[in-house]
Amino acid sequence: MRRLPLALALFALWSAAFVGRWTIVGSDGQAHPSLADDAMISMRYAWNLAHGDGLVYNRGERVEGYSNLLWTLVMALLVALFGREGGVLAVQAAGLLACLATAALLPRLVARLRPPGPAAAPAAVVLLLAWYPFAHWALLGMETGLLALLVTGAATLVLAPAAGGRPGARTGACLGLLLAAAVLTRADGVVVVAVLLGLFLAARPRAIGAILAAAGPLGAGLAHTVFRVVYYGDAIPNTARLKLQGIPLQARLPSGVQYVAPFL
């Protein structure tokens, strides 16, 4: 796709303008960078972790109030490197890089389709970069960009034609790492992970490839659950309890349909 660099450059310019407008004027009269509310919750956990107080919202209180462990750890690293406001800008820059990397990877994914069609790759890139919610949440500090990048990379591996036979250990290991990272980025990412893993296993990979691909997300999910129990004393995050506990399934399903239907 010859015009891909131009599309990425235009998106980067638009993103810079977007981030520049998303500021808050403080009591000091100065403009300060800011993130979305949920991202700021994760940022507080990251700040406390980077300053030695643990992965907590309030010092001394162990409650899991985030839903994006891997992204929160990335935030902690950026805060430790760049400080308070610099860390916010670094998180937004990381979201931008994830968006650009996802768009750059899309043509390779589209090439796996049968038949791809000459306009498929440009259309995919334009549709992704022009989809406002994707850019909005990624640039405001959510894990949207990272999860999209991991899922796109995993899908590219799943749809890659096997050279000289069935997918082997290397493909399985790479896929397992990507799926493990996706599960740790968002717990509910397991839905997409399960679909991709199922498609990969349906391709009848070699035994070692299948084992490595499945071991990644399963091991990550198990390790994360053990960490929750040991560190927070609960296998279920507080975010899930607040949104699901005491609400019957017959009430949750219509709500989910009402949310998804306009998107579809």
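Is Asp 53 buried, partly exposed or exposed? With a relative accessible area of 24%, Asp 53 is partly exposed, where buried means under 20% relative accessible area, exposed means over 50%, and partly exposed lies in between (1.4 Å probe, protein chains only).

1. This is a predicted model, in which local features need pLDDT of at least 70 and side-chain atom pairs count only at pLDDT 80 or more, while totals for chains, interfaces and linings use all residues. Residues are numbered from 1 along each chain as its sequence is written, and side-chain values use heavy atoms, with hydrogens and water left out.

2. A salt bridge here is a side-chain nitrogen of Lys or Arg within 4 Å of a carboxyl oxygen of Asp or Glu, and by this rule the count comes to 5 salt bridges. One of them joins Asp 53 to Arg 59, with the closest N and O atoms 3.5 Å apart, and Arg 59 is exposed at a relative accessible area of 67%.

3. Another salt bridge pairs Glu 64 with Arg 228, whose closest N and O atoms are 2.8 Å apart. Glu 64 lies in the loop between helix H2 (37-50) and helix H3 (69-110) and Arg 228 lies in helix H9 (residues 207-232), so the pair ties together parts that are 164 residues apart in sequence; helices (H or I, at least four residues) are DSSP runs, numbered from the N terminus. Glu 64 is buried at 3% relative accessibility, and Arg 228 is buried too, at 9%.

4. Arg 186 and Glu 143 form a salt bridge with their closest N and O atoms 2.6 Å apart, and a network of salt bridges links Glu 143, Arg 186 and Asp 188.

Terms used
Helix = DSSP H or I, 4+ residues; strand = E, 2+ residues; numbered from the N terminus.
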